[in-house]
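Notebook open. Entries follow in the order I checked them.

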Amino acid sequence: MTGTPLLAATGVTMRFGGLTAVRSVDLTVRPGQIVGLIGPNGAGKTTLFNCLTGLYTPTEGTVTYRGRTLPPKPHLVAQAGISRTFQNIRLFANMTVLENVLVGRHTRTREGLLSALVRGPAFHRAEAASAQRATELLAFTGLAAKSGHLARNLPYGEQRRLEIARALAGEPGLLLLDEPTAGMNPQETRATEELVLAIRDRGTAVLVIEHDMRFIFNLCDRVTVLVQGEKLVEGTTETVQRDERVVAAYLGTPFEGAPGQEEVAEVEAAEEAAAESEGQGR
Amino acid sequence: MTSQQSQQHGTAVDTTPVIPLPLGTARVLTAAGAALTVLSTFLSWTWTDAFPGNLTVTGYPGGLQLLTLTGALLTLVHLLAAWGIRGLRMLDPAGGHGGTVWTAAGTFAATWYTLIAIAVQLGGLANLEPGGWVAGAAALLTLTGALALPLDRRATATGTARGRLAAVRDIMRTLHPGRTGRPLPPARPLPGWAEILLIAAAFGISLGVLTYGIGTRYGELFTGFLFLTGFCAAGLHQAGLTTRLAELTARHRNVTVAAAFVAAALFPLTQDTDEYTLIIVNILIFATVALGLNVVVGLAGLLDLGYVAFLGVGAYTAALVSGSTASTLHVRFPFWAAVLTGAAASLVFGVVIGAPTLRLRGDYLAIVTLGFGEIFRLAVGNLDGQSGPSVTNGPNGIPNIPDLELFGYNFGDKHSVGGIALSPFANYYLLMLLFTVIVVLVFSRAGNSRIGRAWIAIREDETAATAMGINAFRLKLLAFALGATLAGLAGTVQAHVAHTVVPEQYVFAGPVPPNSAFLLAAVILGGMGTITGPLLGAALLYLIPAKLQFLQDYQLLAFGAALILLMRFRPEGIIPNRRQQLEFHEDTAAKAEA
């Protein structure tokens, strides 16, 4: 797994006023890799994603894609070949499933307003090619039967898959998935796992934020752990799994010894008192 | 039978009639009522011809009686179709009584409106002749019978409505039959020529109805006409006829477009005076500008409250280069050059205004565009050589704009082409129609392309759209510029039709359309993102104030009320966009899919 990295973020820092959401994070994704980004809630994972895709302009640091520095403009990042999905699904709700994917092809087609008004043969050819490509992607994600439905009417799991199909329509070299299995049942999660593997086999590297550890450890070649905006560990799944600091970051540091008898009694008394006063109040 | 059908489709449909009567009785009652209503229109309704339209003649119907007659006949036909009479089945593809109920309600509304108007205007019920009483009773009888017919309507929500508004809500539900989302059974296949003939007939009828509406000579007749057409259009929709027509037109797109164009082009031939041709030229200008605004509002989702300024830029530019004696530029461009100049000026103005403002979103954009609209009006009002450079003649505007001349064809003269006499306004009408067709083409082609999809994506979710590689700012500017150009195009013709341009034509809100508020109202009323919507909305918003003079003082109030009602009951506009129909009536959409 050597060669030039696909994506290289160096020293990315993002400050909002006095709050430092991401502090000097380095991250590399190499071609053909699936890289996991994990960490407790509020660790700055999505903020880092937004820095990588140009939604935020990082306060410090640079992001390069295939060796070229990315400008902090979302549409230029997408044009360069990085596509993403969103943690809270952001489909074009009132467009059909097919249209959603066609919008995803925006960067890979050139037809402007004049061409649309004139409707020459080149326009028809491009539209047909786009539609064909979009249909292929819908078949790939298992949504072929739904192409005429409105995106908003899809069930939740299919909306997530449509977001992935839409992101793939831009023919990205790197796909950023923000919690692709959030809210899914185990079967849907397994299906998403297979989908991500299939995407990797198509030659697209994947950077994925996820809370489902089984998902992460099944799929990822490398995992990066973010805690409070800083990179805690980076390495293979085994390295990360064995690292005690990761467990501590997720579950909190254990007490120095078991909680004493006194504290337990104190808590119980407080609870009783609260229950009583509530009863009197009624 | 209806309930069985609906069960097959898996939707819960309540078919209980509003008035509990046996089906046979209800049918006979409706039929008898409708027949009696038809007869009553041949009687005299009042004793004096002081009420407009002369309803005193026994022997043949006149004036408002014609509306009642039409409504009653339609009711009868719908009833018989729903009854299953051979040969009429195709008039009721939905297979329910929705059509009958709505046409009966339309007849009732038109008839009772006439009777009340007579009583109010002539001072008392004593002014009604027996014929009038018969008509009123018969119309009521028809409606009663129709309401006793089994009605398709959405099943009552679980539990009965409670609270003070329960009664109101129940009535609303009763008045709101249909919308069961039940798909129509497939149509019997017809040969291609027959389908084309049907489309032509539909456009012929629409042209006839529109011509009649524009030609109504007094406010009462127009109000009655609005009642009847409103209800009957709802009736035809309930019967499934509009859906059928939509299927047909979708199959024969080119024929439909050609038929619409021919029907529109035939309009001046139905007129012998210029009075109504002028009205329809103005409607076309208004509609074209509304359609341009629809690119900005309906597709890209940018709320522009100063859109009329672009119309003004086009009109002023055309006026300045028209060779008018009052113009400060003493040049006379040929028309094609004037059109290009006007459109280009609007384009530049659009880009200049759009570039700084389009970085704003939502309400902020609305406020800034509103400001720019006013700035335009004030600026042209001050460029008079005293408070500013002498360009536009200030508040006096530019009068004496000469008539257009194209290849030696002077638009101000009467012409006879192949034996058909064309008045000056008919000339302008045909020219404006050409512009409307161009704008319709631009709208539909731009909307249904990569650019159009990007606009809709920006409207839906700008952040997601940019993440898909869409340069939101550039595309919004493109929509703004395209909208401005289309408005400027219409403006160049408007200057010549009106022969004069003054700043006060281009206000935010005023009694005479087009102004920014009315343009936006036309788009929203008609249906955002559609082509027919703004055209229909513009026609209504122009005709209603022009015809209902007595509303003058309360016009804006009435519009406000109408818009609120519309937003409450039909938020997607009169002609719904396929998407928004699904968006605002999700429950029915879900049922239709089930």
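I looked up R105(A) first. R105(A) is buried, at a relative accessible area of 8%. I call a residue buried under 20% relative accessible area, exposed over 50% and partly exposed in between (1.4 Å probe, protein chains only). This is a predicted model, so I keep to its limits: local features need pLDDT of at least 70, side-chain atom pairs count only at pLDDT 80 or more, and totals for chains, interfaces and linings use all residues. Residues are numbered from 1 along each chain as its sequence is written, chains are lettered from A and ligands numbered from 1 in the order in which they are written, and side-chain values use heavy atoms, without hydrogens and water.

**Salt bridges, chain A**

Which side chain meets R105(A) in a salt bridge? I found E171(A), at 2.9 Å from N to O. My salt bridge needs a side-chain nitrogen of Lys or Arg within 4 Å of a carboxyl oxygen of Asp or Glu. E171(A) sits in the loop between helix 6 (156-168) and strand 7, and R105(A) in the loop between helix 3 (97-104) and helix 4 (113-118), so the bridge ties together parts 66 residues apart in sequence. Helices (H or I, at least four residues) and strands (E, at least two) are DSSP runs, numbered from the N terminus. E171(A) is partly exposed, at 37% relative accessibility.

Next I took E158(A) and K146(A). Their closest N and O atoms are 3.2 Å apart, a salt bridge. E158(A) is in helix 6 and K146(A) in the loop between helix 5 (121-140) and helix 6, so this pair ties together parts 12 residues apart. E158(A) is buried at 16%; K146(A) is partly exposed at 24%.

Then D178(A) and R84(A). Their salt bridge has its closest N and O atoms 3.9 Å apart. It links strand 7 (residues 174-178) to strand 6 (residues 82-84), with the two residues 94 apart. Both D178(A) and R84(A) are buried. My search over all chains gave 20 salt bridges.

**Helix 19, chain B**

How many of the 11 residues of helix 19 (residues 516-526) are buried? Nine are, so the helix is largely enclosed by the rest of the structure. Among them are F518(B), L519(B), L520(B) and V523(B). The buried residues pack against helix 11 (275-299), helix 12 (308-320), helix 20 (532-547) and helix 21 (555-569) of chain B; contact means heavy atoms within 4.5 Å. Just after the helix, G527(B) has a positive phi of about 135 degrees.

**Aromatic rings**

I counted 15 aromatic pairs over all chains. Rings of Phe, Tyr and Trp (its six-membered ring) pair with centres within 6.5 Å; planes under 30 degrees apart are stacked, over 60 edge-to-face, the rest tilted. Y316(B) and F376(B) are edge-to-face, 6.3 Å between centres and 80 degrees between planes. Y316(B) is in helix 12 and F376(B) in helix 14 (residues 363-382), so the pair ties together parts 60 residues apart. Y316(B) is buried at 4%, and F376(B) is buried at 8%.

F335(B) and F435(B) have centres 6.3 Å apart and planes at 55 degrees, so I logged the pair as tilted. The pair links helix 13 (residues 335-357) with helix 15 (residues 424-447), 100 residues apart. One aromatic cluster includes Y307(B), Y316(B), F376(B) and Y506(B).
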